[in-house]
Amino acid sequence: METMAATIERTTAGTAAPAGGTTRTTETTRERATRYVLAGIRIALGWTFLWAFLDKMFGLGHGTAAKDAWINGGSPTKGFLAFGTAGPFKGFYTGIAGAAWADWLFMAGLAAIGVALLLGIGMRIAAVAGGLLLVMMWTAVLPPANNPFMDDHLIYAAVLVVLALVGAGDTLGLGRTWKRLPLVQQYAWLR
């Protein structure tokens, strides 16, 4: 027969069920902390996307001057794609620089990904769309300035996948409520 101390030790470590055959449903401090850290990362990434949208839309002066704001006739894609790209995909990116459809897709993507991450909804879609956008940003300047192949865009894309896989929208977000919506229950890819 197992001692009570061994049962407690295994239970708190999260590796075995408590005596009596029932499964452990309480959350350890480590698990709770992990949930909140991942929620914080989700919110930070959401703000990163949303801030890029807001700055390019209104020219808030951080990365985009007011005169270059989208609402003032500027193009959110023209400057960087026309003059900042390098590497094997430069021709592709300079070819779409300033195109109205590219501006609309880019801005809609930044706004939707940012809002989804901040609210913790549509995490699967946000991870795929955000990952695609980030990989495209990575391919716009190859090789990266500080490393032969790795840069923050690829790391952020991987983090988005992790956030979607662990359901990071459920903590400090509306993920649980979102998952209960009939449309989301019918189409799991909307989670």
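Helices α6, α7 (152–165) and α8 (175–180) each supply at least two residues of the lining of the second largest pocket, where helices (H or I, at least four residues) are DSSP runs numbered from the N terminus. The model is a predicted one, in which local features need pLDDT of at least 70 and side-chain atom pairs count only at pLDDT 80 or more, while totals for chains, interfaces and linings use all residues. Residues are numbered from 1 along each chain as its sequence is written, and side-chain values use heavy atoms, with hydrogens and water left out.

The space in this second largest pocket amounts to about 150 Å³. Of the 14 residues that line the pocket, R124, A164, G167, K179 and R191 are the closest to its centre. A pocket is here an open set of points, on a 1 Å grid over the protein atoms alone, where a 1.4 Å probe fits and which has protein on both sides within 12 Å along at least five of seven lines; lining residues have an atom within 4 Å of a point. The volume is the space filled by probe spheres set on the points, which are joined across faces, edges and corners. Helix α8 gives the largest share of the lining, three residues. Sorted by class, the lining holds five nonpolar, five polar and four charged residues, with Ala, Val, Leu, Ile, Met, Phe, Trp, Tyr, Cys and Pro counted as nonpolar, Asp, Glu, Lys and Arg as charged, and the others, Gly among them, as polar.

K179, one of the residues closest to the pocket centre, also takes part in a salt bridge with D170, in which the closest N and O atoms are 2.8 Å apart. A salt bridge is a side-chain nitrogen of Lys or Arg within 4 Å of a carboxyl oxygen of Asp or Glu, and by this rule the count comes to three. D170 is buried, with a relative accessible area of 18%, whereas K179 is partly exposed at 24%; buried means under 20% relative accessible area, exposed over 50%, and partly exposed in between (1.4 Å probe, protein chains only). In another of these salt bridges, R35 pairs with E27 at 2.5 Å between the closest N and O atoms. R35 is partly exposed, with a relative accessible area of 24%, and E27 is also partly exposed, with 37%. The side chains of D68 and K67 likewise meet in a salt bridge, at 3.4 Å from N to O, and here D68 is partly exposed at 38% while K67 is exposed at 65%.

On the surface, F89, F92, L132 and M136 form a nonpolar patch with about 390 Å² of accessible area together. Such patches are made of residues with over 30% relative accessible area and no salt bridge, with nonpolar side chains (Val, Leu, Ile, Met, Phe, Trp, Tyr) joined within 5 Å and like charges within 9 Å; accessible areas come from the Shrake-Rupley method with a 1.4 Å probe, and for residues only the protein chains shown count as cover. M136 belongs to helix α6 (residues 123–139) and is partly exposed, with a relative accessible area of 33%.

In the protein chain as a whole there are nine helices and zero strands, and buried residues make up 35% of its 191 residues.
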